[in-house]
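Please read the report below alongside the sequence and the 3D structure.

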Amino acid sequence: MVSIFEKERRKDFAASFAIFFADLDSTVNTTSGVQSMFVYLNHCLRYWPYRCGATGIDDYLKSIGVDIKSPKEDQDLLYILELIINLLHWAPQQNRNDNNSILFDENDYRALKDECERLTANAEYLLEQCNNMQVREEDYDEEFSKYYITKRNVNVDAAVESVPELANVLLGYNDIRNQDDLGFKKNALTAIYNYLEPYRKNLKSSSCGSISEEFFASMNSFGIRHNTKSQVRIKSEKKRLVCDSLFKMSVYILQTRDVIEQASNLKILRNK
């Protein structure tokens, strides 16, 4: 029996995205008049902390190689949706920042916030139904939170629960922007390696001993942590696949380490 997370999605992403975008571009009635939510988000981006000098949604997307008028594949649609989600979270804050908003006055703040929350919920549902993805919030104590689209993975979620201090590393590994980023993958695995290394001796004699030892050995042999003359030479594409295998192994090891600790605590309690 498959889990709810493995059950086949029944919605077409491109078609669902078109419906969502049409809804986003529809008009919103406010005391200031009838306005388009998309137009307002375009205004908000000009003041968004992470705009990187962009002057509008189209300008920002072009800077990362995406044409909003002619997206080439689902990956482009995901980048567009990720930006829209970030702006939907930012829009109520921008409304507060505007003394006299060009589109919404102070009396419209609640209506704007409700509309942003509705559209965000629709975007999240779309992602789950079509792509088995979710949105995660990351703040790093910055000026304003960032929101990332990431693949849903119950094993990663369980590992995060076991090792919350590695949450951003573990969850970030499955972000759409990092799926082909070898540099990020290597850095993430190195962070996990450094976390696990002090427990290596105990792990070696545990039920996941052979897997943990293969993880440590492969991290060094394939040059994930650093380059050496003796490392196995493989092309970047294959190295990304190696990284993905190592990540799956590390998620299992992190959970096993926590289970071993829980078992030890139970044994102590049982023998008192």
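## The loop between α2 and α3

R46 sits in the loop between α2 and α3. This is a predicted model, in which local features need pLDDT of at least 70 and side-chain atom pairs count only at pLDDT 80 or more, while totals for chains, interfaces and linings use all residues. Residues are numbered from 1 along each chain as its sequence is written, and side-chain values use heavy atoms, with hydrogens and water left out.

Helices here are DSSP runs (H or I, at least four residues), strands are DSSP runs too (E, at least two), and both are numbered from the N terminus. A residue is called buried under 20% relative accessible area, exposed over 50%, and partly exposed in between (1.4 Å probe, protein chains only). With a relative accessible area of 47%, R46 is partly exposed. Contact means heavy atoms within 4.5 Å. Not counting residues up to four places away in sequence, R46 touches R51 and T55. R46 and I57 are 11 residues apart along the chain, and their C-alpha atoms are separated by 8.7 Å.

R51 is in this loop as well, between α2 (37-45) and α3 (57-63). Its relative accessibility is 30%, so R51 counts as partly exposed. Neighbours within four places in sequence left aside, R51 is in contact with L45, R46 and Y60.

C52 also belongs to the loop between α2 and α3. How exposed is C52? Its relative accessibility is 72%, and C52 therefore counts as exposed. C52 is not a glycine, yet it has a positive phi of about 55°.

## The chain as a whole

The protein chain contains 11 helices and 4 strands. It has 272 residues, of which 43% count as buried. Among contacts in the chain with a separation of 6 or more, 61% are between residues 24 or more positions apart.

## Two helices and their lengths

The table sets out two helices. The expected span of a helix is 1.5 Å times one less than its number of residues.

| Helix | Number of residues | First to last C-alpha | Expected span |
|---|---|---|---|
| α5 (residues 109-131) | 23 residues | 32 Å | 33 Å |
| α10 | 13 residues | 18 Å | 18 Å |

For α5, the reach is close to the expected value. The buried residues of α5 include Y109, L112, E115, C116, L119, T120 and A123. Further along α5, L126, L127, Q129 and C130 are buried too. An α-helix has 3.6 residues a turn, so residues three or four places apart point the same way.

Just after α5 comes N132, with a positive phi of about 55°. N132 is a residue other than glycine. It is placed in the loop between α5 and β3 (133-138). N132 has a relative accessible area of 18%, so it is buried.

In α10, the buried residues are G209, S212, F215, F216, S218 and M219. Just after α10, G223 takes a positive phi of about 65°.

Helix α10 (residues 209-221) packs against helix α11 (residues 236-271) at an angle of about 140°, and their axes are 10 Å apart. That angle makes α10 oblique to α11. Axes are lines fitted to C-alpha atoms, for helices over the stretch in contact, and angles run from 0 to 180 degrees between N-to-C directions. Angles under 35 degrees count as roughly parallel, over 145 as roughly antiparallel, 65 to 115 as roughly perpendicular, and the rest as oblique.

On the α10 side, the contact is made by I211, S212, E214, F215, S218 and M219. On the α11 side, it is made by L246, M249, S250, Y252 and I253. By class, this contact has 7 nonpolar, 3 polar and 1 charged residues. Ala, Val, Leu, Ile, Met, Phe, Trp, Tyr, Cys and Pro count as nonpolar, Asp, Glu, Lys and Arg as charged, and the others, Gly among them, as polar.

S218 is a residue of helix α10. Its relative accessible area is 8%, so S218 is buried. Neighbours within four places in sequence left aside, S218 is in contact with I224 and L246. S218 and V242 are 24 residues apart in sequence, and 8.8 Å apart in space, C-alpha to C-alpha.
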